[in-house]
Structure formats: C-alpha cells, structure tokens
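Subject: Structure handover

Hello,

Here is the structure you asked to look at. My notes on it follow below.

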Amino acid sequence: MGEWRYGAGRGSNDLIVVTLGTGLGSGFIVNGQLMLGPFGNAGELGHVITVIDGRLCTCGRKGCLEAYVSIRGMRQTYLELADSSELLKEEGVKPIAEAAMRGEDAAVQAFRDTARWLAVGLANAVAHTCPERIILFGGIARNGDVLMNPLKRMFNDALLNIYKGKVELLLSGLEEDDAGMLGAAALTGP
C-alpha cells in the first residue's frame, strides 16, 4: 500500500509489489484495489510452486519461489555452485553481490539463477493480473544491476507475447525504514 500511494507505484491502478528478503512477500493492486481474497492473504507469490519436487520451503511445501529467491534461497544457490562456503560466513547476500561485482563465477551464476526463477514467477503473475508495473523491494533487490540486468532480460523473455515491453520492472521508490509506516498510513487514509 505504501509503495502504491507514495512510491514507485503512484499513479498506477494495477501493480505488483514484491519484497525480496528473508522471504518473498508480495502485494497485488488490481483495478485500484488491494487484492485480499476471502481470508485476507491473497497474492502469495512466494508460495507458488516454481520447481516441481524442488527445495523444501519454510511453509512445508517443496519448490516454492521463495525457496529460490529469498536470502536463504540465494545463499543455498551460491553454496551449490561455489567451491567454498567462505563468503557465507557473513549474513545476507551482500558478500555474494560483492563477489558477483568482482566477477566471481559462482556469485554471478547465483544472481543469474535467482533472476531466472524470479523472472518466471513474475511473468506468471503478469499472466494472472496484467499489471502496469512490478516494483521490487528488499535486501536482494537493493543489489541493483547485478540482479536487475539479467532479471529485466529474462523477465521480458518469459512474458507472453502480448505483454512484452508493456510491464515496467522497477526498484522501490521508498526508503526501507519508511515502507511499513507509509503502508499503514495508506490503509487509514487517501
């Protein structure tokens, strides 16, 4: 809600906001309305199965998108690709991003794999809701070009032809510390 009212989603009546961090959070605005569903939790993009019989997700199912594109998922991807787990002594994905920027093969591939899984998940979401914009937020998204360059290319390739070049893929326009507060404010007023 905060991103829609005050950030990069302003002016759009159809968008998806995806938070890439500890998990994969998502919110869908369709026809100017927050999509909630009858139980208040519609739009669980992180728990769409992306890889049949894939990694175990924190929800208990196997192959969820979150198991591949969250911080935990990306660290696991890097571990599967790297000769050493030395980079993983530090928390988060920052050390992997820094290694990717230096050109380390396993780190570059970890970001490419993450971009590929995310591109497919986002392209599938576009097929369901036809948003004007998708806005990415969170720790993984903050790594900028190392994620966004391959993601934009793979996302466009994964889209149905009728959507190619029509859906903007943007980084958040909000400061991380302000997002929750602005979202709560958006729920209580115009």
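Contact in these notes means heavy atoms within 4.5 Å. This is a predicted model, so to speak of it with care: local features need pLDDT of at least 70, side-chain atom pairs count only at pLDDT 80 or more, and totals for chains, interfaces and linings use all residues. Residues are numbered from 1 along each chain as its sequence is written, and side-chain values use heavy atoms, with hydrogens and water left out.Helices (H or I, at least four residues) and strands (E, at least two) are DSSP runs, numbered from the N terminus. Two strands pair if DSSP finds at least two bridges between them. Buried means under 20% relative accessible area, exposed over 50%, and partly exposed in between, with a 1.4 Å probe and protein chains only.

Five strands make up an open sheet of mixed pairing, in the order 3-2-1-4-5. Strand 3 (33-34) and strand 5 (168-171) are at the edges with a single partner strand each, so one side of each has no neighbour in the sheet.

Strand 1 (residues 15-20) runs antiparallel to strand 2 (residues 24-30), and six bridges join them. The two are connected by a hairpin through three residues. Within this pair, V18 is opposite S26, and V17 has G27 as its bridge partner. Strand 1 also runs parallel to strand 4, with five bridges between them; here T19 has F137 as its bridge partner. Five of the six residues of strand 1 are buried, so the strand is largely enclosed by the rest of the structure.

Strand 2 pairs with strand 3 as well, in the antiparallel sense and over two bridges. I29 stands opposite L34 in that pairing.

Most residues other than glycine have a negative phi. N31 counts as exposed, at 62% relative accessibility.

D53 is not a glycine either, and has a positive phi of about 55 degrees. D53 is in the loop between strand 3 and helix 2 (66-69). With 67% relative accessibility, D53 counts as exposed.

**Helices**

Helix 6 (residues 145-158) lies across strand 1, strand 4 (133-137) and strand 5, at about 165 degrees to strand 5. For such angles, axes are lines fitted to C-alpha atoms, for helices over the stretch in contact, and angles run from 0 to 180 degrees between N-to-C directions.

In helix 4 (residues 94-101) the buried residues are P95, I96, A97, A99 and A100. They pack against helix 3 (71-81), helix 5 and helix 6.

Apart from neighbours within four places in sequence, D113 is in contact with T77 and L81.

**The largest pocket**

A pocket is found on a 1 Å grid over the protein atoms alone: it is an open set of points where a 1.4 Å probe fits, with protein on both sides within 12 Å along at least five of seven lines, and lining residues have an atom within 4 Å of a point. Grid points are joined across faces, edges and corners, and a volume is the space filled by probe spheres set on the points.

The largest pocket has a volume of about 440 Å³. It is lined by 24 residues, of which M1, V17, T19, S26 and G27 are the closest to its centre. Helix 1 (2-6), strand 1, strand 2 and helix 7 (176-188) each supply at least two residues of the lining. Strand 2 gives the most, with five residues.

The lining divides into 13 nonpolar, nine polar and two charged residues. In that count, Ala, Val, Leu, Ile, Met, Phe, Trp, Tyr, Cys and Pro are nonpolar, Asp, Glu, Lys and Arg are charged, and the others, Gly among them, are polar.

Regards
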